[in-house]
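Have the model open while you read.

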Amino acid sequence: MSVRKLTIMALLVSIAVAGSAFVSIPTGIARAYPVQHAINVIGAILLGPVPTIMVALVTAIIRILTGTGSLLAIPGSVIGALCAALFYKYSGKIWLAAVGEMLGTGILASLVAVPYAHFLMGTSVAALFFMPAFLTSSVIGAILGIVVASSLRKTVLVKSFNMTLY
């Protein structure tokens, strides 16, 4: 992996962690942290699947260690990052990266979170318990990601990154 790609990955992790400390939305049962989902969309476009998943995992671990995220940050961010990156990789469309983020986090990760929470957190909840919070967070973050990625895509800097990074 190149130094440039690692630097961008570190930058995205730091933005996601800092954004989680300052931007959160109460969604009833949980708090939504949309900056992570925006970073997933941006990372999917700039970096591709594996680096985006690494960014999501490192961000989730740091958020858990600093107290701005629960153990649910891992499936929520990693599954969304995977879907966003794959949707973008095979379509080349920013809006499909956002759709991948919303489906991955809002639907798939909320369903994976049920057995995950049962085994790791000792919580027994219904299958659709996490879905409203996960969907709220991922939709807001995906929209934010589209806005930022669309504006970044117009810059000369990112045009050169796309040739060398992904």
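Predicted model: local features only at pLDDT ≥ 70, side-chain atom pairs only at ≥ 80, totals over all residues.

**Helix 2 against helix 6**
- Helix 2 (residues 34-46) packs on helix 6 (residues 131-153) at an angle of about 45 degrees, and their axes are 7 Å apart.
- That angle makes the two oblique to each other.
- The crossing of helix 2 past helix 6 is right-handed.
- On the helix 2 side, the contact is made by Pro34, His37, Ala38, Val41, Ile42 and Ile45. Helix 6 brings in residues including Ser137, Ile140, Gly141, Leu144, Gly145, Val148 and Leu152.
- Sorted by class, this contact has 12 nonpolar residues, 5 polar ones and no charged ones.

**Nonpolar cores**
- The largest nonpolar core has 20 residues, and Leu12, Ile39, Val41, Ile45, Leu47 and Val55 have the most contacts inside it.
- Helix 1 (3-22), helix 2, helix 5 (94-121) and helix 6 each supply at least two residues of this core.
- There's also a second, separate core of 9 residues, with Ile79, Cys83, Val114 and Tyr116 among them.

**Leucine 71**
- Where does leucine 71 sit? You'll find leucine 71 in the loop between helix 3 (49-66) and helix 4 (73-91).
- Leucine 71 has 32% relative accessibility, so it counts as partly exposed.
- Leucine 71 and alanine 113 are 42 residues apart in sequence, and 9.3 Å apart in space, C-alpha to C-alpha.

Key: Residues numbered from 1 in each chain as written. Heavy atoms only, no water. Axes fitted to C-alpha atoms, helices over the stretch in contact; angles between N-to-C directions. Helix = DSSP H or I, 4+ residues; strand = E, 2+ residues; numbered from the N terminus. Parallel < 35°, antiparallel > 145°, perpendicular 65-115°, else oblique. Left-handed = near helix turned anticlockwise from the far one by under 90°. Contact = heavy atoms within 4.5 Å. Nonpolar A, V, L, I, M, F, W, Y, C, P; charged D, E, K, R; others polar. Core = buried A, V, L, I, M, F, W, Y, C linked by side-chain atoms within 4.5 Å. Buried < 20%, exposed > 50% of the residue type's maximum accessible area, 1.4 Å probe, protein only.
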